[in-house]
Amino acid sequence: MSLNKTTDLSVAAKLLKGSPWENLPLDKLPWYSPEIEEITPQAQELFEKYSNVEPEKVKAHIKELRDKAYVVFPYPCLARWAFLELSVSLSRQYPEVLERVKNGDKYLDLGCCVGQDIRKLVFDGAPSENTYGSDLEKNFMDIGYDLFLDKSTLKTTFIAADIFDEDSDLKQIAGEIDIIHAASFLHLFDEEGQHKACENIVKLLKSKPGSLFIGRQIGNFECGVHVGSLDSSKNRYRHNPASFEQMWKSVGEKTGTKWKVEARLEDQDLHAIAEKMGLESATIPPGSKWLSFAVRREA
Ligand SMILES: C[S@@+](CC[C@H](N)C(=O)[O-])C[C@H]1O[C@@H](n2cnc3c(N)ncnc32)[C@H](O)[C@@H]1O
């Protein structure tokens with residue numbers, strides 16, 4: 001699919017209002033990468049063996065559906081194919097997560113987008129009925145069925161909901177989830193927003209030791225406010241391991257719970273990658289790294 005320029009211009013203007021990119025068509029945004037240059041063996045295998053796409057058709061199939069998702073909202077993780085990293089499987093806790101979900105634990109992917117990490121878990125042997133996905137955008141989750149060609153087989157419960165809406169359908173699973181995974185999610189919000197989202201994550205998890213929250217998000221050696229998100233009216237807070245741990249101490253105090261936090265900055269230099277894409281340094285400044293974390297309930 002080629003992106004329709006007339007439509008895209010209006011979408012971009014609405015979504016990116018006030019940003020340096022608001023008058024650009026979506027396919028001219030600096031982070032839009034039109035073609036998949038390299039696909040990881042894990043993603044290729046998932047599409048061949050889980051979705052039964054013929055090997056030589058995998059890239060074209062993904063591109064067609066990725067472009068549909070990108071028009072819903074032009075997230076860089078879609079634009080530059082980062083969703084194909086299947087990031088849950090890169091987590092140090094992945095073997096534990098897989099084992100636990102195989103043995104009946106309930107897994108929720110928060111901000112799941114097209115649900116690639118859920119499919120990876122299911123392909124690796126997790127029963128899909130033990131999995132949940134939630135996202136603000138129902139369209140992303142619907143496109144996920146077409147992307148992974150599993151509408152008739154996948155038993156994941158998908159819930160369209162805003163994590164900040166106390167009355168959303170997430171209420172149905174409050175206190176029932178053992179493991180929550182959230183990738184490239186909390187970093188969308190300011191400091192207060194991340195704190196509030198984590199308080200709501202506590203409410204979704206089972207109220208007992210062992211409940212687990214894992215994921216990764218853009219962090220920085222120096223914690224603080226970084227301006228220049230896709231929506232320039234919002235601030236985004238970048239945590240380092242110490243500030244992330246401090247946030248969870250505070251979330252614990254607020255919710256009457258106690259958590260053990262493991263957080264670290266990965267090696268990859270995200271600023272260098274952003275510069276190559278032509279993004280302003282304010283968006284992903286020097287010192288930007290993936291912050292990977294595992295937050296485990298102790299009491
Ligand atoms: C940057 S994408 C990351 C998607 C996916 N987790 C990944 O790693 O590729 C962030 C996702 O969070 C969703 N999202 C944004 N704000 C949200 C909110 N307030 N509540 C729930 N989901 C939200 C977006 O629709 C989007 O799918």
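Biologist: How far is the sulfur of Cys 223 from the closest cysteine sulfur?

Modeller: It is 15 Å away, and the partner is Cys 198. That is too far for a bond. Keep in mind that this is a predicted model.

Biologist: Is Cys 223 buried, partly exposed or exposed?

Modeller: Partly exposed. Its relative accessible area is 36%.

Biologist: And Cys 113, which cysteine sulfur is closest to that one?

Modeller: The one in Cys 77, at 5.4 Å. A disulfide needs the two sulfur atoms within 2.5 Å, so this pair is too far for a bond. Cys 113 is buried, with a relative accessible area of 9%.

Biologist: New topic, the ligand. Which residues come nearest?

Modeller: There are 19 residues around the ligand. Gly 111, Gln 116, Asp 135, Asp 162 and Ala 183 come nearest.

Biologist: What does the side chain of Asp 135 sit 2.5 Å from?

Modeller: An oxygen atom of the ligand. The distance runs to an N or O atom in the Asp 135 side chain.

Biologist: How much of the ligand's accessible area does the protein cover?

Modeller: The protein covers 95%. On its own the ligand has 600 Å² of accessible area.

Biologist: How does the shell divide into nonpolar, polar and charged?

Modeller: 13 residues are nonpolar, three are polar and three are charged.

Biologist: Let's move to Ser 168. Where does that one lie?

Modeller: In the loop between β3 (157–160) and β4 (179–183). Ser 168 counts as buried, at 8% relative accessibility. Leaving aside neighbours within four places in sequence, Ser 168 is in contact with Ala 161 and Asp 162. Asp 162 is also one of the residues that come nearest the ligand.

Biologist: Last one, Gln 194. Where is its place?

Modeller: In helix α8, residues 191–204. Gln 194 is buried, at 0% relative accessible area.

Biologist: How far apart are Gln 194 and Asp 162 in space?

Modeller: 13 Å, C-alpha to C-alpha. In sequence they are 32 residues apart.

Biologist: What is Gln 194 in contact with?

Modeller: Beyond neighbours within four places in sequence, its contacts include Leu 186, Phe 189, Gln 217, Tyr 237 and Met 247. With Tyr 237 there is a polar pair: the backbone oxygen of Tyr 237 lies 2.9 Å from a polar atom of the Gln 194 side chain.

Note on methods: Residues are numbered from 1 along each chain as its sequence is written. This is a predicted model: local features need pLDDT of at least 70, side-chain atom pairs count only at pLDDT 80 or more; totals for chains, interfaces and linings use all residues. Side-chain values use heavy atoms; hydrogens and water are left out. Helices (H or I, at least four residues) and strands (E, at least two) are DSSP runs, numbered from the N terminus. Buried means under 20% relative accessible area, exposed over 50%, partly exposed in between (1.4 Å probe, protein chains only). Contact means heavy atoms within 4.5 Å. A residue is near a molecule or strand if one of its heavy atoms lies within 4 Å of it. A polar contact is a pair of N or O atoms within 3.5 Å; within protein, one must be able to donate a hydrogen and the other to accept it, and residues adjacent in sequence count only if both atoms are side-chain atoms. Accessible areas come from the Shrake-Rupley method with a 1.4 Å probe; for residues, only the protein chains shown count as cover. Ala, Val, Leu, Ile, Met, Phe, Trp, Tyr, Cys and Pro count as nonpolar, Asp, Glu, Lys and Arg as charged, and the others, Gly among them, as polar.
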